Amino acid sequence: MGLTADQIHRSLDIVAAREPAIARALEVAGYPEARIRRTGYKTMLRTIVGQQVSVAAASSMWNKLEAELGENFTPADLLERDFDTLRACGLSRQKQGYARSLCELVQAGEVDFESLPEEDEEAIAELTRIKGIGRWSAEIYLLFAEGRPDIWPAGDLAVMAGIGQILGLDERPDEKATRALAEPWRPHRGATAIFTWHCYDNPAL
């Protein structure tokens with residue numbers, strides 16, 4: 001499960017003690033709420049379903065998928081369906097390719113969501129073996145489903161913009177700069193990432 005509210009609070013207090021700008025932003029914006037997702041391949045499948053569509057469209061597709069496969073469907077259940085059946089659930093050819101890649105790897109035991117490597121970069125490497133899953137999607141899963149405390153999705157536009165806003169930078173830092181800025185906040189970068197989303201576009205900052 002993801003980081004709890006207490007874990008986020010404790011981590012942000014530690015980071016705020018190191019970084020005055022974070023402390024000031026905390027006073028203005030307050031602590032963010034926890035964002036928790038369930039562990040397992042279905043959370044990653046929902047990520048695939050939701051790529052490049054609205055929240056409402058993604059929810060509709062997921063509901064159709066569960067209606068077709070059953071609420072407790074397995075990777076094998078999805079793999080047994082043909083193109084037209086999955087297309088009727090709203091899955092494009094591309095999304096079907098990604099979904100099948102995920103289910104095939106899980107079914108073969110090549111990606112095990114119950115025992116991903118403990119080292120974050122190794123876990124990211126394993127998840128990005130899934131077709132259509134890049135570093136960002138892997139990091140989001142590890143942060144919100146597994147609650148790994150030091151995940152820092154530096155390539156996320158809102159993280160880049162949010163941290164630039166919090167630190168009072170003249171320009172939004174790029175991914176490389178965003179990664180470097182957070183080095184002093186190890187091993188509490190996960191809570192800090194959640195805080196950047198919380199602060200993003202806050203007019204008071």
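Predicted model: local features only at pLDDT ≥ 70, side-chain atom pairs only at ≥ 80, totals over all residues.
Local features need pLDDT of at least 70 and side-chain atom pairs pLDDT 80 or more, while totals for chains, interfaces and linings use all residues. Residues are numbered from 1 along each chain as its sequence is written, and side-chain values use heavy atoms, without hydrogens and water.

Me: How is helix α3 (residues 41–50) oriented relative to helix α7 (residues 93–107)?
Reply: Helices are DSSP runs of H or I, at least four residues, numbered from the N terminus. The axes, lines fitted to C-alpha atoms over the stretch in contact, come within 9 Å. They cross at roughly 170°, on a scale from 0 to 180 degrees between N-to-C directions. Angles over 145 degrees count as roughly antiparallel, so α3 and α7 are roughly antiparallel.

Me: Which residues of α7 make the contact with α3?
Reply: Contact means heavy atoms within 4.5 Å. From α3 come Y41, M44, L45, I48, V49 and G50. On α7 the residues are K95, Y98, A99, L102, C103 and V106.

Me: Is D150 buried or exposed?
Reply: D150 is in the loop between α9 and α10. Buried means under 20% relative accessible area and exposed over 50%, with partly exposed in between (1.4 Å probe, protein chains only). The relative accessibility of D150 is 11%, so D150 counts as buried.

Me: How many of the 11 residues of helix α12 (residues 189–199) are buried?
Reply: The buried residues include R189, F195 and W197. They pack against α1, α2, α9 and α10. Helix α12 is largely enclosed by the rest of the structure because the buried residues number 10 of the 11.

Methods
Helix = DSSP H or I, 4+ residues; strand = E, 2+ residues; numbered from the N terminus. Parallel < 35°, antiparallel > 145°, perpendicular 65-115°, else oblique.
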